[in-house]
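Hello,

I am passing a structure on to you today, as promised. Please open it and have a look around before you read my notes below.

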Amino acid sequence: MESLVEFISVASETAKEAGHYLLQNLNRKKDISYKGQIDLVTNFDRRSEEIIYERLRKAFPGHSFLAEEEIRQERASDYCWLVDPLDGTTNYAHGLPVFCVSIALVYRGEIIAGVVYDPCRDELFTAGLGQGAYLNGSQVRVSTTSELDRSLLATGFPYDVRTSPDNNLNYFSRFAVKAQAVRRLGSAALDLCYVACGRFDGYWEMKLKPWDLAAGALLVKEAGGRVTDFQGNTFVFSCPNIVASNGLIHNSMLEIIASESVK
Ligand code: IPD
Ligand code: CA
Ligand code: CA
């Protein structure tokens with residue numbers, strides 16, 4: 001395997017370049033198109049993805065690449081980069097400064113590196129498998145809150161919230177009366193980073209894609225937290241449903257999800 005340090009370093013520079021590009025254009029008029037009823041994409045999502053693709057392809061020409069906006073020819077490689085060029089695109093389209101760039105590297109099916117960059121706060125979250133989680137170079141840990149009652153949680157809602165009954169509103173209404181408070185930031189990758197650094201105690205969401213979750217999930221694990229699917233099985237990057245926490249409140253979160261799921 002090539003060097004994890006090099007992967008993280010190149011991914012960090014790449015995420016910063018794309019993030020700075022996004023920030024520069026935050027208040028510009030955007031070309032918006034719709035992938036679904038409320039699932040939008042801007043010209044800046046696409047350009048950010050090109051910036052990332054060009055830089056990673058140059059540095060690691062043999063690696064494969066899976067990104068949100070464009071299907072590219074797959075190469076046979078043990079390494080695959082998972083890229084969300086703009087996580088929080090609805091916020092971005094409205095000029096709300098809560099969004100990030102998320103880049104993960106998977107090696108033979110395992111997430112080995114994760115980088116998330118928030119250009120609005122100049123916060124770079126990085127993690128390498130077995131090497132801890134970092135915010136701007138300083139090691140971070142999950143929170144020590146041990147009761148759900150005292151926990152600040154985060155979640156999000158799927159793009160088919162208007163049409164599918166499986167839309168998280170049932171879980172949300174339960175957590176809203178069990179936790180101290182629940183937030184909806186609009187960026188799954190940042191939600192996970194905030195669990196990793198202790199700002200949130202837990203997070204759950206459904207119907208997500210590998211590029212939304214892979215980098216942030218590694219950050220939570222490397223920060224000492226726990227990451228599973230809704231049944232409590234170990235999270236793998238292809239899981240669409242996720243529960244991530246400081247570990248201490250994880251079983252309480254899974255119990256709430258289980259009690260809602262059987263109805
Ligand atoms: C979305 C954000 C949001 C989550 C959505 C995701 P996008 O990603 O992470 O927080 O609730 O389900 O799809 O579309 O902004 O890249
Ligand atoms: Ca996303
Ligand atoms: Ca996106």
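Here is what I found around the ligand.

First, please keep in mind that this is a predicted model.

Which residues come nearest to ligand 1? There are 16 residues around the ligand, and the nearest are Asp87, Gly88, Thr89, Tyr159 and Glu205. Sorted by class, the shell holds six charged, five polar and five nonpolar residues. Strand β4 (residues 79-87) gives the most to this shell, with three residues.

Next, the polar contacts. In the side chain of Asp87, an N or O atom is 2.7 Å from an oxygen atom of ligand 1. The side chain of Tyr159 also has an N or O atom 2.7 Å from an oxygen atom of the ligand. With Gly186 it is a polar backbone atom that takes part, 3.2 Å from an oxygen atom of ligand 1. How much of the ligand does the protein bury? Ligand 1 taken alone exposes 380 Å², and the protein buries 95% of that.

Enjoy exploring it!

Best wishes

Definitions and conventions
Residues are numbered from 1 along each chain as its sequence is written. Chains are lettered from A and ligands numbered from 1 in the order in which they are written. This is a predicted model: local features need pLDDT of at least 70, side-chain atom pairs count only at pLDDT 80 or more; totals for chains, interfaces and linings use all residues. Side-chain values use heavy atoms; hydrogens and water are left out. A residue is near a molecule or strand if one of its heavy atoms lies within 4 Å of it. A polar contact is a pair of N or O atoms within 3.5 Å; within protein, one must be able to donate a hydrogen and the other to accept it, and residues adjacent in sequence count only if both atoms are side-chain atoms. Accessible areas come from the Shrake-Rupley method with a 1.4 Å probe; for residues, only the protein chains shown count as cover. Helices (H or I, at least four residues) and strands (E, at least two) are DSSP runs, numbered from the N terminus. Ala, Val, Leu, Ile, Met, Phe, Trp, Tyr, Cys and Pro count as nonpolar, Asp, Glu, Lys and Arg as charged, and the others, Gly among them, as polar.
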